[in-house]
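Please look over the sequence and the structure before reading on.

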Amino acid sequence: MAAGPARAGSPTPGRGSAPPGADPPPGLPSTSWRLVAELPNGELVGELRAHERSLDLALGYDLGGQREIVLDGVLVAAEHRWLGIGRRLLGALADEMRRAGVVEARAVAEWGSGFLYACGWEQEASRPIAFRLALPKDQLSAVPGRPR
């Protein structure tokens with residue numbers, strides 16, 4: 001099984017986006033990664049997507065052009081889970097980060113946080129926390145034309 005970035009449909013070594021000065025692969029912005037894991041027959045069994053962002057823009061003040069990677073997701077086909085494919089994809093992302101000179105990555109996990117912990121990621125208390133407000137149905141007032 002090969003794990004590597006997708007470039008115009010074929011997995012090859014190197015960054016998932018084009019090198020500086022080159023045109024990005026079709027459908028991929030120049031600051032994104034799409035890393036894939038394929039079986040020898042070409043069957044896609046895993047995928048990782050991530051994008052780069054400027055901390056200056058994200059936080060609203062000058063940090064000297066610092067950049068970070070945002071992990072958008074890691075997916076592995078159900079029948080191929082627990083084989084280390086997701087871990088290898090995250091390792092390939094770390095390699096690509098080194099090549100690009102980006103030293104930090106972030107992720108927001110609704111589920112699967114145990115997987116990220118197992119792969120060496122740490123939880124950050126300083127990042128945003130998701131909140132939810134759910135009113136009990138018996139406390140809702142009747143709105144004309146809307147079922148209760």
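The exposed residues Arg-98 and Arg-99 sit on the face of helix 2 that is turned away from its buried side. Here buried stands for under 20% relative accessible area, exposed for over 50%, and partly exposed for what lies in between (1.4 Å probe, protein chains only). This is a predicted model: local features need pLDDT of at least 70, side-chain atom pairs count only at pLDDT 80 or more, and totals for chains, interfaces and linings use all residues. Residues are numbered from 1 along each chain as its sequence is written, and side-chain values use heavy atoms, with hydrogens and water left out.

Helices (H or I, at least four residues) and strands (E, at least two) are DSSP runs, numbered from the N terminus. Helix 2 covers residues 85–100, and its 16 residues should span 22 Å at 1.5 Å a residue; the expected span is 1.5 Å times one less than the number of residues. The end C-alpha atoms are 23 Å apart, which agrees.

The buried residues of helix 2 are Ile-85, Gly-86, Leu-89, Leu-90, Ala-92, Leu-93, Glu-96, Met-97 and Ala-100. They cover an arc of only 155 degrees around the axis, which puts them on the same side of helix 2; the arc is that of the directions from the helix axis to the C-beta atoms. After helix 2 comes Gly-101, with a positive phi near 75 degrees.

A salt bridge is a side-chain nitrogen of Lys or Arg within 4 Å of a carboxyl oxygen of Asp or Glu. By this rule the model has 6 salt bridges, including those in the table.

| Pair | N to O distance |
|---|---|
| Arg-49 and Glu-47 | 2.4 Å |
| Arg-106 and Glu-68 | 2.7 Å |
| Arg-99 and Glu-96 | 3.6 Å |

Arg-106 in strand 6 (residues 105–107) and Glu-68 in strand 5 (residues 67–76) are 38 residues apart, so this pair links distant parts of the chain. Arg-106 is buried at 16% relative accessible area, and Glu-68 is buried at 0%.

Arg-99 and Glu-96 are both in helix 2, 3 residues apart, about one turn of the helix. Arg-99 is exposed, with a relative accessible area of 56%, whereas Glu-96 is buried at 4%.

Salt bridges link Arg-34, Glu-47 and Arg-49 in a network.
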